[in-house]
Amino acid sequence: MSMDEISVRSLLERHWEFAGSKDQSIAHEIYHDDAVLEFPQSGERFIGKERFQAFREKYPANLNFKIRRITGSGDLWVAENLISYDGGPWMFTVNVLRFRGSKVAAEYIYIMEGFERPQWRVEFGEAFDSLAPLD
Amino acid sequence: MTSRDNRAVVEKYLRALPADFEVLSDLQHDDFAEEFPQSGELIRGSENFRAIHERYPGGTPDDELQRVTGSEDRWVVAPTFTLVRISGVGDSFTAESKAFYPDGSEYRVVTILELKEGRVLRARTYFAPVFEAPGWRAEWVELTNDA
């Protein structure tokens, strides 16, 4: 069974609603017990929900999330979100989520700051507000 | 257009990045646009896409395709002889790659591709710098060779 967009959106909205809380049990309902979480930027891989839930419960900052966009099909979904640490400026995240059945089997998380629109290419593009939610 | 056809389009598109403009423009939909959400930039059309990539200060990054994720994984050898995991279904694909810039900095690049009528309609690209694994969560982690 692959996930449809309404089911995925509903699961992920609940996940990020509780992802900043100290009790991580609700946020982690979306994962299989043997799920794998990776941060490719640092080469970190957490094998098993228990391990990444443990570090998230000890996260040394208050986290806020905003969902910008969820796209995908079949078993592969991508969330483009915003994250704020301790009330600081919004940063961008991309979460690549691979489902097995109705739960997440693997997640790859990327985190990055915004940057100024480079002046040398202004004439070839348009500006848009990427901090606003989309769908 | 079947999912298999779309996958072939995505593979060809990613291999043509960043500067094989003939192939890229052929695979870009007439309504193609690329977004750089981090800077809030929207680039419409193949001509503007090409104009930017031709003028990239310091040269374009040397892309080493790392992984294209979706729900049908398989491995292929990219022209740079880097192993690449290609996957995806329907009209939605995500590519994760490594980029090495002329100034020595290293990034992970994520490109989300949406296809329409067998061509690339939308690309959204994010640039994520590598970072050192935080020590406070080391007791739960394994380090891969990816970073």
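Let me begin with one pair of residues: A:Ile83 stands opposite A:Met91 in strand β5 of chain A. Please bear in mind throughout that the model is predicted.

That pair belongs to a longer pairing. Strand β4 of chain A and strand β5, residues 91–100, run antiparallel and are joined by 8 bridges. The two strands form a hairpin with 5 residues between them, and in the turn A:Asp86 has a positive phi of about 50°.

On to the other partner of β4(A). Strand β3 of chain A, residues 63–73, pairs with β4(A) in the antiparallel sense over 10 bridges. Within this pairing, A:Leu63 stands opposite A:Tyr85. Here too there is a hairpin, with 2 residues between β3(A) and β4(A), and A:Gly74 in its turn has a positive phi of about 60°.

Is A:Ile70 buried or exposed? A:Ile70 is buried, because 20 other C-beta atoms lie within 10 Å, and the cut-off for a buried residue is 20 or more. Beyond its neighbours within four places in sequence, A:Ile70 is in contact with A:Val8, A:Arg9, A:Leu12, A:Trp77 and A:Ala79. A:Asn81 lies 11 residues from A:Ile70 in sequence, with a C-alpha to C-alpha separation of 8.6 Å.

Let me turn to chain B. Helix α1(B) comprises 14 residues, 3–16, and reaches 20 Å from its first C-alpha to its last, close to the 20 Å expected at 1.5 Å a residue. Its buried residues are B:Asn6, B:Arg7, B:Val10, B:Tyr13 and B:Leu14. These cover an arc of only 130° around the axis, and therefore sit on the same side of α1(B). B:Arg4 and B:Asp5, on the other side of the helix, are exposed.

Finally, the interface. Contacts between the chains involve 42 residues of chain A and 43 residues of chain B. Several elements of chain A each supply at least two residues to the side that touches chain B, among them α2, β3, β4 and β5. By class, that side of chain A has 21 nonpolar, 10 polar and 11 charged residues. Strand pairing also crosses between the chains: β7(A) and strand β2 of chain B, residues 41–44, run antiparallel and are joined by 2 bridges. In this pairing, A:Ala127 has B:Glu41 as its bridge partner.

Definitions and conventions: Residues numbered from 1 in each chain as written. Chains lettered and ligands numbered in written order. Predicted model: local features only at pLDDT ≥ 70, side-chain atom pairs only at ≥ 80, totals over all residues. Pairing = 2+ DSSP bridges. Helix = DSSP H or I, 4+ residues; strand = E, 2+ residues; numbered from the N terminus. Buried ≥ 20, exposed ≤ 12 C-beta atoms within 10 Å, placed from the backbone. Contact = placed C-beta atoms within 7 Å. Expected span 1.5 Å × (residues − 1). Arc of directions from axis to C-beta. Nonpolar A, V, L, I, M, F, W, Y, C, P; charged D, E, K, R; others polar.
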